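Work through the exercises below with the sequence and the structure at hand. Each task is followed by a solution in steps.

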Amino acid sequence: MEKPILQVALDLLELKRAVEIASEAIEGGVDWLEVGTPLIKSEGMNAIRELKRNFKDRKIVADMKTIDTGAVEVEMAAKSGADIVIILGLSDDSTVAEAIRAAKKYGAEIMADLINVPDPVKRAKELEELGVNYINVHVGIDQQMKGMDPLEVLGRVVESVSIPVAAAGGLDAEKAANCVALGAKIVIVGSNIVKSRNVIESARRVREAIDRAWKEGKKFEIRRKKLEDEIREILMKVSTPNVSDAMHRAKAMKGIYPLVRGKKVVGKAVTVSTMDGDWAKPVEAIDVAGEGDVIVIKVSGYEAAVWGELATRSCINKKIAGVIIDGAVRDVDDIRALGFPVFAAREVPNAGEPKGFGEINVKIVCGGVEVNPGDWIIADDNGVMVIPKERAYEIARRALEVKKHEDRIRGEIEEKGRTLAEIVELYKWEKVQ
Ligand SMILES: O=C([C@H](O)CO)[C@H](O)[C@H](O)COP(=O)(O)O
């Protein structure tokens, strides 16, 4: 039995960087080089040519994601140097047949990608019968952000066909090893190698993990955390700018500032709506909130404080993650000394009366941003971002991708002395007028 193949998906926009990263990935133990769809869309067939020219001893896989005109697209890729062309399993059988004919004519092979296929096992069998050379069990990047995983269906596909099966979609070293345990012969890794600051090391980690799984006949094991813990863990790793970018540059709360600098807050919102100076509901919210929650308060004015030192001390006792107030706060020196993260719009010495107007856990608009009970709050020195609870996992994952992308660029700036414009080819991507 042969060792599993490690294929790196060069999902970049810049060809020069792709060549550089490919060579680092090879040093880390990668076998095959995939010219990713974004790279093909950005640079055309030239990307395939360049990679073939630079890495003659490697199989070049062109992720064309062909869904129509199978012959033309496979011919283009194969003539440019692709050894394997990826087409979509969703394509009509006639497109698959045409792709296979063209591949045979130009000495290439076909890998069929099962992304979005409603019945992957059934389609994998059909594709094998049609004559494709490889099946790729693939969960796309947008699908990964919703929590989908190729491991869910991989084992059943492997059992249903006799051609080699590849696996792709958000794989890291641990998941890659699980893919091998489930019978994948090719493991495709993109982001976790390509966006890494140390490509050689990341590729090596995956290489070692899959080789170990193959040698030791590793059993498949899954360790999935509770969704809420996973969201919190991811959000603790990212910043509010990462989250804003992940939400298409969504706006932060306006006019709300940290009393204590250098603190990060992550948690689910317990919302409060109250009148200017009426601190009853804000303080009662401390009893409603659980460990790790964030109290978010909308006040109708900014003249009298609804929050102060004693409320802050109660929050610390209950292990509440932080407090955000679109209103006034007092005892700021004590709060600073306690080091508890309070974000507020204004600082005043005077408090109001606990009259008990307002409500807890209702929809509010805080700092100009809508907050519903249970929405996720992330706050740091840059500001306060609100993530709607329905999209919390997805946004957290996307923010992590933003961070990984930036880490890689940061590395190129620091270690290779490049400028940001140079790295991302900024001029090329300016909007054409
Ligand atoms: O095919 C891919 C995706 O559709 C973008 O073109 C990726 O190459 C594939 O998903 C592997 O990348 P990661 O999911 O980042 O490991």
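**Exercise 1. The annotated stretch and the whole chain**

Task: Describe residues 5-206 by helix content, strand content and the distance between the end C-alpha atoms.

Solution. Over residues 5-206 the chain is 50% helix and 20% strand, where helices (H or I, at least four residues) and strands (E, at least two) are DSSP runs numbered from the N terminus. The end C-alpha atoms of this stretch are 11 Å apart. UniProt, in an unreviewed entry, gives residues 5-206 the feature "domain: Orotidine 5'-phosphate decarboxylase"; UniProt positions follow the numbering used here, feature names are shortened, and annotations may be inferred rather than shown by experiment.

Two points on the source apply throughout. This is a predicted model, in which local features need pLDDT of at least 70 and side-chain atom pairs count only at pLDDT 80 or more, while totals for chains, interfaces and linings use all residues. Residues are numbered from 1 along each chain as its sequence is written, and side-chain values use heavy atoms, with hydrogens and water left out.

Now take the whole chain. It holds 18 helices and 19 strands, and its C-alpha trace spans about 85 × 45 × 40 Å along the principal axes. Of its 433 residues, 54% count as buried (buried is under 20% relative accessible area, exposed over 50%, partly exposed in between, with a 1.4 Å probe and protein chains only). Among contacts (heavy atoms within 4.5 Å) with a separation of 6 or more, 72% join residues 24 or more positions apart.

**Exercise 2. Nonpolar cores**

Task: Which residues have the most contacts inside the largest nonpolar core?

Solution. A nonpolar core is a set of buried Ala, Val, Leu, Ile, Met, Phe, Trp, Tyr and Cys residues joined through side-chain atoms within 4.5 Å. The largest has 71 residues, and L10, L33 and I48 have the most contacts inside it. Helix α1 (residues 15-27) gives the most to this core, with seven residues. A second, separate core has 23 residues, including L259, V272, A289 and F340.

Next, look at L10 itself. Beyond its neighbours within four places in sequence, L10 has contacts that include A18, I21 and A22, as well as L33, L39, L51 and V194.

**Exercise 3. Packing of α6 and α8**

Task: Characterise how α6 packs on helix α8 (residues 151-160), from geometry to residue classes.

Solution. Two packed helices are described by the angle between their axes and the distance between the axes. Here the axes come within 9 Å and cross at roughly 35 degrees; axes are lines fitted to C-alpha atoms, for helices over the stretch in contact, and angles run from 0 to 180 degrees between N-to-C directions.

The residues come next. α6 contributes P120, V121, A124, K125 and E128, and α8 contributes V153, R156, V157 and S160. By class these are five nonpolar, one polar and three charged residues (Ala, Val, Leu, Ile, Met, Phe, Trp, Tyr, Cys and Pro count as nonpolar, Asp, Glu, Lys and Arg as charged, and the others, Gly among them, as polar).

Then consider P120, which lies in α6 (residues 120-130). P120 has a relative accessible area of 17% and is therefore buried. Outside four places in sequence, P120 touches L114, V153 and V157.

Finally, V161 lies in the loop between α8 and β7 (165-168). V161 is buried, at 10% relative accessibility, and touches A124, K125 and E128, leaving out residues up to four places away.

**Exercise 4. Buried or exposed?**

Task: Is R207 buried or exposed, and which residues does R207 touch?

Solution. R207 sits in helix α11 (residues 199-216). Its relative accessibility is 9%, so R207 counts as buried. R207 touches K3, P4, L6, G28, G29 and D31, not counting residues up to four places away in sequence.

**Exercise 5. Positive phi**

Task: Where do H248 and E425 lie?

Solution. H248 is in the loop between α13 (240-246) and β9 (257-258). Its phi is near 55 degrees, a positive value in a residue other than glycine. H248 counts as exposed because its relative accessibility is 74%.

E425 lies in the segment after α18 (420-423). Its phi is positive too, about 50 degrees, although E425 is not a glycine. At 22% relative accessibility, E425 counts as partly exposed.
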